[in-house]
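I opened my notebook to work through one protein model.

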Amino acid sequence: NEEIEKALNKALENPFDKTENKIKYNKKQNEIEAISPLHKDILKKYLKDLFDYDRKEKNEYLCGEERREKHLEINGKIIHFMGRLDRIDRDNRGNICIVDYKTGGKQESSFSDIKDLFLLNGKDNRETKLNNIFELLFYCWLLYKGEEITPKIIYLFNIKDNRIKIGRNKNKEDFVYNKEINDEFESYLKGLVKDLLDIKEGDTYPMNKNDKNCEYCPYKLFCN
């Protein structure tokens, strides 16, 4: 409605004005006039779609951009973990929900079991397709204190209720993060960190066979 439109325009006005002022020193004015309104329109569409989704779901918003920390003792060392959760809700059934926003392309929304999330070189590069699920379950692990959690991924370009599924083939069901899952996830996480801590000078490892795994690696220049 009109009030929502006004609120969105006001929220988007100042950040984009500041961005334009910074860009003017480096880019031609016609480029700014073409690109900045386009970005603003895209973001406005995302926010309107998200507002419509929230109004339909009627979940209770608890907090957003929530920083959580946890630590584990591994090999006699205290290892600290930290994550920032996009959003935490309570749904109409009283369940805690962790929502992770994504602006990129859609990845897998189902997996077979927890160990698949920790494979370093899975078949058909499946481990990278499960990155979003791993990240979301890591947030669940950070938040978990005994109450079951429902994790969701919301892709902003096509907003809908993306519940995580678990199971094989057609036998998939809605995933719920509970004590059993928490214990299993933490066990694999400890094993992964332990392997990293056990690296000794002179150890060698087989080269990664899939270049896509290296696409955003900050060390890719060292190994060509």
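**Entry 1: the whole chain**

I started by noting that this is a predicted model. I looked up the elements and found 6 helices and 8 strands in the protein chain. Along the sequence, I read the pattern α-α-β-β-β-β-α-α-β-β-β-β-α-α. The protein chain has 224 residues, and buried residues make up 33% of them. I then took the contacts between residues at least 6 apart in sequence. Of these, 63% join residues at least 24 apart.

**Entry 2: confidence**

Where is confidence lowest, and where is it highest? I found the lowest in helix H3, residues 126-129, with a mean of 58. S2 is highest, at 93. The average pLDDT of the protein chain is 78, and 72% of the residues score at least 70. I marked two stretches for caution. Over residues 19-26, pLDDT stays under 50, and the model has 5 contacts beyond four places in sequence for them. Residues 122-126 also stay under 50, with 8 such contacts.

**Entry 3: helix H5**

Next I checked the length of helix H5, residues 179-197. At 1.5 Å a residue, its 19 residues should span 27 Å. The end C-alpha atoms are 27 Å apart, which agrees.

Which residues of H5 are buried? I listed Ile181, Asn182, Phe185, Leu189 and Val193. Looking down the axis of H5, I saw these buried residues fall within an arc of 95°, so they line one face of the helix.

What do the buried residues of H5 pack against? I found strand S1 (60-74), strand S2 (77-90) and helix H4 (131-143). I also looked at the start of H5. There, a side-chain oxygen of asparagine 178 comes within 3.3 Å of the backbone nitrogen of glutamate 180.

**Entry 4: the nonpolar core**

The largest nonpolar core has 35 residues. Phe81, Phe111, Leu137, Trp141, Tyr177 and Phe185 touch the most other members. Which elements give two or more residues to this core? My list reads S1, S2, strand S3 (96-102), H4, strand S5 (149-155) and H5. H4 gives the most, with 9 residues.

Leaving out residues up to four places away in sequence, tryptophan 141 touches Lys70, Leu72, Phe81, Tyr177, Asn182, Phe185, Glu186 and Leu189. Apart from this core lies another, of 7 residues, including Leu50, Tyr53, Val99 and Leu156.

**Entry 5: aspartate 91**

I ended in the loop between S2 and S3, where aspartate 91 sits. Is aspartate 91 buried or exposed? Its relative accessible area is 8%, so aspartate 91 is buried; the cut-off is under 20%.

Which backbone nitrogens does its side chain reach? I found the one of arginine 93, 2.9 Å from a polar atom of the aspartate 91 side chain. I also found the backbone nitrogen of asparagine 95, reached at 2.8 Å. Beyond four places in sequence, aspartate 91 touches Asn59 and Cys97.

Terms used:
Residues numbered from 1 in each chain as written. Predicted model: local features only at pLDDT ≥ 70, side-chain atom pairs only at ≥ 80, totals over all residues. Heavy atoms only, no water. Helix = DSSP H or I, 4+ residues; strand = E, 2+ residues; numbered from the N terminus. Expected span 1.5 Å × (residues − 1). Buried < 20%, exposed > 50% of the residue type's maximum accessible area, 1.4 Å probe, protein only. Arc of directions from axis to C-beta. Contact = heavy atoms within 4.5 Å. Polar contact = N/O pair within 3.5 Å; in protein donor to acceptor, adjacent residues only side chain to side chain. Core = buried A, V, L, I, M, F, W, Y, C linked by side-chain atoms within 4.5 Å. pLDDT = per-residue confidence, 0-100.
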